[in-house]
Amino acid sequence: MPNGNGKIINMQNVHKVYDTGKVKVEALKGVNLKIQHGTFAAIIGPSGSGKSTLMNILGCLDVSTDGVYEFEGERVDGLHHNRLAEIRNEKVGFVFQNFNLLPYASALENVEMPLIFKGVHTKKRRERAAELLERVGLGHRLTHQAIELSGGEMQRVSIARALANNPSLILADEPTGNLDSKSGGEIIELFEELWQAGHTILIITHDVNIPKRTERVIRIKDGLLTEEANGNGNGNGGH
Amino acid sequence: MLPERLVTFRNDSAFVELLNELSEPAETLITTGLSDGLNVEIASGLIESTQVVQRPPKEIE
Amino acid sequence: MASMTFITQIFRDMRNQKLRTLLTIFGIVWGTAAVILLLSFGEGIQLNQQKAVRGLGEYIVIMWPGRTSKSFEGLPRNRRIRFKAQDAELLKSVPHMKAVSPEYSFWNARARVGRRDKLVSITGCWPIFSEIRNVIPKEGSRFINQEDIKKRRRVIFLGTDLAEELFPDIDPVGDYIQINNVPFLIVGVMKRKEQDSSYNGRDTRRTFIPSTTFKTMFGREYINNIVFQADAPERMPTVISGVYEAMGRKHKFDPADKQALSLWDTSEMETFFNTFFMAFRIFLGVIGAFTLIVGGIGISNIMNVVVEERTKEIGTKMALGAKKRFVRSQFIFETMFLTVIGGFVGFAFSYTVINLFPYLHLEEYVGTPTISVSVSVAAVSVLGVIGLVAGYFPARRASNLNPVEALRL
Ligand SMILES: Nc1ncnc2c1ncn2[C@@H]1O[C@H](COP(=O)(O)OP(=O)(O)OP(=O)(O)O)[C@@H](O)[C@H]1O
Ligand SMILES: [Mg+2]
């Protein structure tokens with residue numbers, strides 16, 4: 001297990017202020033969050049409460065305006081953009097509500113993308129991407145363009161893509177938001193399988209069924225966290 | 001007999017150009033006999049069968 | 001590292017945006033063709049004009065006798081100077097002198113071939129005159145030689161046009177022509193040339209005989225003028241002052257007395273001509289480069305639109321771990337790629353035009369354009385710079401996108 005004493009995420013008093021020039025919006029108002037390896041958690045909260053903001057900061061896609069953030073023991077706040085890109089590439093896998101696939105690229109090419117940025121050689125890249133698509137049940141769709149796939153299939157491709165560099169953390173922002181309930185259910189099942197295989201997964205969701213199945217539920221309101229224990233979950237702030 | 005245009009007259013001597021071992025044109029001294037202005041008799045310095053170098057007209061550049 | 005993926009994506013974009021790609025590339029094609037064609041034609045025209053200027057000779061001086069304007073060693077001013085063939089002989093020893101020839105002239109001699117009759121001008125000169133004045137014998141011809149001079153042979157060399165008029169269908173070499181009822185053997189005909197400027201008429205209409213023959217036949221003691229050439233163009237001033245020294249000593253005038261000799265230095269013409277054409281070609285090059293820059297601005301604008309369109313894709317790539325440098329190089333690469341395609345097509349187009357040009361038979365007016373090494377180097381470097389600059393700004397914009405904002409779209 002990497003650094004951080006088993007913790008992937010350690011956030012202390014993290015603030016995020018959006019300064020649009022005219023107004024300042026404080027989207028996060030001092031977030032404390034610890035997440036252990038192997039966690040499966042749901043982040044819920046009303047619209048505008050700061051869920052996506054939190055996820056972007058967690059995934060090193062955005063930077064906090066104040067506070068301390070450690071990712072696997074590494075101070076992330078204030079890091080150079082190249083290092084942040086490396087962390088996103090190797091340690092984080094994003095799954096978006098609207099998939100964000102390259103529409104004209106094939107399923108295979110989409111999954112290869114993070115491997116390209118890591119500098120993996122073509123042959124190994126192909127093999128790995130094919131293997132991942134196989135794993136998410138799309139072994140028969142390798143050469144299809146993204147636009148030719150159904151919503152559920154597209155989300156599977158993006159999950160395969162998130163898994164490409166075997167990341168420490170998978171972040172999903174409303175992964176079922178654009179799917180019908182059947183394919184949404186299948187996606188949740190896929191996440192459960194991945195969790196059981198040892199992945200750490202955070203899912204932002206409005207879907208009431210998801211929190212029932214995760215071990216932790218993190219509630220966010222007005223930029224502040226409150227935690228609900230669920231099943232075998234932990235108290236606020238974790239261990 | 002040789003066309004007189006292939007002969008260069010300089011300081012009371014006459015020369016023709018022949019190809020040397022390196023296939024480069026090189027001047028060779030000859031002595032000439034009678035001439036009608038167009039063709040000239042070669043008295044010595046040149047064997048009948050040798051090919052005399054004939055340069056193409058100069059190009060103005 | 002991922003250039004293959006770059007190229008796959010570029011081709012995909014090109015397929016999806018055919019018209020836009022075509023227009024983008026067209027700007028570069030047009031600009032490249034403008035640079036190459038203008039520079040090539042500029043060079044062709046210059047070489048053509050240079051040939052015509054050099055039809056009179058390359059860096060030569062034509063010298064006529066004048067009148068003294070200063071008194072010298074007790075001799076009065078306004079004394080008439082006259083040249084003899086020995087003066088040309090004397091000038092051979094002036095330092096850096098490459099070649100000298102005297103020139104006798106006789107206008108309105110009667111030339112007759114069979115029933116054809118013409119008034120011609122006759123020049124008496126030395127063999128070296130051919131080299132100084134670029135009066136070049138064509139294939140199978142010769143100019144006056146040293147034997148002709150020594151033996152005062154009655155041989156004659158004909159200007160191109162005159163030869164054609166007097167002998168419309170046959171090669172005149174070996175034939176005879178009557179000059180003032182004296183038969184002359186034709187030993188050569190001049191190779192056709194362009195000639196920009198002249199004295200005593202165009203060379204194509206003149207006839208040339210040995211100086212010695214001329215002197216005997218026309219009973220002339222004095223020559224009309226002398227032509228000479230320095231061993232290097234930049235030595236011309238030295239040679240000219242050497243000539244004043246030598247002639248001053250012989251004819252007893254002050255070497256500083258410029259009026260005593262009347263000189264036409266064609267190297268001045270050539271210098272002016274070179275400067276003029278340098279300016280002319282810079283002008284053409286700048287016009288071409290501006291056209292190409294406009295093409296570059298076009299490609300840059302379109303790449304900006306492409307960045308706009310692909311904002312979401314850029315955000316996605318960043319989320320997946322693409323560094324700024326990767327995004328930047330992708331756009332620079334894509335711009336360069338389009339520029340190279342455009343440049344290549346532009347080159348091919350220019351190449352075709354220049355190769356088909358001779359079929360229009362306009363060489364006489366504008367020469368033969370060629371894509372020389374310097375033209376290619378100029379075009380390629382301008383293209384390269386434009387591709388880089390045109391790609392840089394959109395690429396920088398793309399790489400500075402905030403991924404969160406980009407994904408939100
Ligand atoms: N780029 C931004 N500039 C200014 N304000 C922003 C920006 N992004 C988010 N906000 C504001 O920050 C607050 C939190 O936004 P965030 O997107 O994190 O909410 P959310 O919980 O994800 O909402 P939803 O459930 O609707 O997706 C909101 O008030 C939002 O208007
Ligand atoms: Mg959100």
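1. Let's begin with the largest pocket. Strand S2 of chain C gives the largest share of its lining, four residues. Please keep in mind as you read that this is a predicted model.

2. How much space does the largest pocket hold? Its volume is about 1,500 Å³. The lining is made up of 44 residues. If you want to find the middle of this pocket in the structure, look for Val7(B), Thr8(B), Pro127(C), Ser130(C) and Glu131(C), which lie nearest its centre.

3. Now see which elements build that lining. From chain B, strand S2 (8-10) and strand S3 (13-19) each supply at least two residues. Sorted by class, the lining of the largest pocket has 19 nonpolar, nine polar and 16 charged residues.

4. The second largest pocket has about 630 Å³ of space, and 27 residues line it. Nearest its centre you will find Ser52(A), Thr53(A), Asn56(A) and Asp173(A), along with Arg408(C). Two or more residues of this lining come from each of strand S2 (24-36) and helix H1 (51-58) of chain A and helix H14 (403-408) of chain C.

5. Which element gives the most to the lining of the second largest pocket? That is H1(A), with five residues. By class, this lining divides into eight nonpolar, twelve polar and seven charged residues.

6. Next, turn to the place where chain A meets chain C. Here 23 residues of chain A are in contact with 22 residues of chain C. The two chains bury about 2,100 Å² between them, with 64% of it on carbon and sulfur atoms. On the chain A side, Leu61(A), Leu102(A) and Phe117(A) lose the most area to chain C, together 26% of what that side buries.

7. How many salt bridges cross the interface of chain A and chain C? There is one. Glu86(A) forms a salt bridge with Lys323(C), and their closest N and O atoms are 2.8 Å apart.

8. Finally, look at the side of chain A that touches chain C. Helix H2 (81-91) and helix H3 (107-118) of chain A each supply at least two of its residues. H2(A) gives the most, with six residues. By class, this side has eleven nonpolar, six polar and six charged residues.

Notes: Residues are numbered from 1 along each chain as its sequence is written. Chains are lettered from A and ligands numbered from 1 in the order in which they are written. This is a predicted model: local features need pLDDT of at least 70, side-chain atom pairs count only at pLDDT 80 or more; totals for chains, interfaces and linings use all residues. Side-chain values use heavy atoms; hydrogens and water are left out. On a 1 Å grid over the protein atoms alone, a cavity is a set of points where a 1.4 Å probe fits but cannot get out, and a pocket is an open set with protein on both sides within 12 Å along at least five of seven lines; lining residues have an atom within 4 Å of a point. Grid points are joined across faces, edges and corners, and a volume is the space filled by probe spheres set on the points. Ala, Val, Leu, Ile, Met, Phe, Trp, Tyr, Cys and Pro count as nonpolar, Asp, Glu, Lys and Arg as charged, and the others, Gly among them, as polar. Contact means heavy atoms within 4.5 Å. Buried area is the accessible area (1.4 Å probe) that two parts lose on being put together, summed over both. A salt bridge is a side-chain nitrogen of Lys or Arg within 4 Å of a carboxyl oxygen of Asp or Glu.
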